Amino acid sequence: MQIRAFAKVNYTLEVLGKRDDGYHALRSIVVPITLSDTLTLEPAEDLSCDTGYADDLCLKAAHVLRAAIGRPQRGVRICVQKNIPVGGGLGGGSADAAATLVALNELWQCGLSPEELATLGARVGSDVPALVLARFYGPILMEGRGERVAPLNEVYRHHLVLVNPGVFCSTAEVFRLFSQQGKSASSQNDLEPPAISLYPIIGDVKQALTAAGARDVLMSGSGSTVFGFAEDAETAQNLVVKMKQRGWDAWAVETYQP
Ligand code: C5P
């Protein structure tokens, strides 16, 4: 069985404060996009995933689902064809985990609802519940640590340009610096100022993408990917060419609407 795992961008990301569990309380609009990984799942004796990471989120998702349905003998072999950059603020690992939950729900005939899968997703990673629901409903309002999720009931049909400067942003480091610096009113994404302090190239990418003509340019998640809006697919593609000339990875994508 093959399934696409859709990345996301955050149209807004507010950090509301620190929680007792050490995580931060957030409010964010999470929008799925057409940039995707492809997962192939085959029945197998054990659980395995070809990424080789010990903390692989697909494997973690499979373990969580297997425990929830009380069938410890179930197995699957997962192969991931990676297109979403890692550590890029696009939720790549979480999207793979969300796709794994949805695919295994079918493969193992668990009969769980999207909402039940989202609840299980919270045990896998902060972005997983939003990315489970986004597959079914499109844009999501995410709150709490990421465990409170609800469809926005908005239909977005936007052309976006994504630019990744090739730096791996540590989410924990960005949150740590946010705690030191405090909130600044300058961005739709509260994590953008600390991320730019840690990785100034993100600021350079923002400037370049804005100067090239993209609108409302913003960093996604905890970085490092920056995105902006384009009039149409052709304009987006032209912006991609310009950004690639600067030596950065870039993609023309659309918002994903199920
Ligand atoms: O859940 P995830 O593995 O994506 O989080 C990585 C790190 O980012 C956490 O260990 C924590 O330091 C920080 N984080 C946070 N508040 C959130 C999400 C993540 O402080 N809501």
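User: At what angle do helix H3 and helix H4 pack, and how far apart are their axes?

Analyst: In this predicted model, helix H3 (residues 114–121) and helix H4 (residues 128–137) pack at an angle of about 160°, and their axes are 7 Å apart.

User: Why are H3 and H4 called roughly antiparallel?

Analyst: The angle between the two helices is about 160°, and angles over 145 degrees count as roughly antiparallel, so H3 and H4 are roughly antiparallel to each other. Their crossing is right-handed.

User: Which residues make the contact between H3 and H4, and what makes Glu 115 count as charged?

Analyst: From H3 the contact takes Pro 114, Glu 115, Leu 117, Ala 118 and Gly 121, while H4 contributes Val 128, Pro 129, Val 132, Leu 133, Phe 136 and Tyr 137. Glu belongs with Asp, Lys and Arg, which count as charged, whereas Gly is among the polar ones; the contact as a whole divides into 9 nonpolar residues, 1 polar and 1 charged.

User: What is the order of the strands in the open sheet, and why do E8 and E10 stand at the edges?

Analyst: The open sheet has 4 strands in the order E8-E9-E7-E10, with antiparallel pairing. Strand E8 (215–219) and strand E10 (249–254) each have a single partner strand, so one side of each is left without a neighbour in the sheet. From one strand to the next, the twist averages 20°.

User: How do you know that E8 and E9 pair?

Analyst: Pairing requires at least two bridges, and E8 and strand E9 (residues 226–230) are joined in the antiparallel sense over 3 bridges, so they pair. Arg 215 stands opposite Phe 229 in E9.

Definitions and conventions. Residues numbered from 1 in each chain as written. Predicted model: local features only at pLDDT ≥ 70, side-chain atom pairs only at ≥ 80, totals over all residues. Heavy atoms only, no water. Axes fitted to C-alpha atoms, helices over the stretch in contact; angles between N-to-C directions. Parallel < 35°, antiparallel > 145°, perpendicular 65-115°, else oblique. Left-handed = near helix turned anticlockwise from the far one by under 90°. Contact = heavy atoms within 4.5 Å.
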